[in-house]
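Me: Could you walk me through reading a sheet and the helices that pack on it? I'd like the general idea, then the case here.

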Amino acid sequence: MLRISDIDRAKSRRIIRSLYKPNAWLTIPVPTLVRDGEFRIRIYGPPREHPPAHVHVLKGREASVIIRLGVNGEAPVVREVYDMKPRDVVHAYRLVQQHAALLMAAWEHMHG
């Protein structure tokens, strides 16, 4: 029978092992900054993410789009789309436009 303490120990060992493997990523919980129906907007923190400022908009379990945030009055730019329908990409883009100030503030807070 598997106990909670066994799971905690196994998880701890996996995290410690990944610290010694430079190619292994730690799974770090990421807060959802904006939620609209099935859509969630997230910003991943360092060391996984890098400039330029961008967000990940997720829909369901598989679909996502990466949108670069506009700086100095520029409009956001769709960078990559993964399994998301065009109409959902448009909806995600509009969400990013609506919350641009919040998202840029969050990016700067996380990435400096």
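Me: How many strands form the open sheet, and in what order?

Reply: Strands of a sheet pair through backbone hydrogen bonds, either parallel or antiparallel. In this predicted model, 5 strands form an open sheet, ordered β1-β2-β3-β4-β5, with antiparallel pairing. β1 and β5 (77-82) are the edge strands, each pairing on one side only. On average, neighbouring strands are turned by 20° against each other, direction ignored.

Me: Which residues of α3 are buried, and which are exposed?

Reply: An α-helix has 3.6 residues a turn, so residues three or four places apart point the same way. In α3, Leu 103, Met 104, Ala 106 and Trp 107 are buried. Seen down the helix axis, the buried residues of α3 fall within an arc of 160°, so they line one face. On the other side, Ala 101 and His 109 are exposed. The cover over the buried residues includes β1 (32-36), β2 (39-42), β3 (54-59) and α2 (86-98).

Me: What comes just after α3?

Reply: Gly 112, with a positive phi of about 80°.

Methods
Residues numbered from 1 in each chain as written. Predicted model: local features only at pLDDT ≥ 70, side-chain atom pairs only at ≥ 80, totals over all residues. Heavy atoms only, no water. Buried < 20%, exposed > 50% of the residue type's maximum accessible area, 1.4 Å probe, protein only. Helix = DSSP H or I, 4+ residues; strand = E, 2+ residues; numbered from the N terminus. Arc of directions from axis to C-beta. Contact = heavy atoms within 4.5 Å. Pairing = 2+ DSSP bridges. Axes fitted to C-alpha atoms, helices over the stretch in contact; angles between N-to-C directions.
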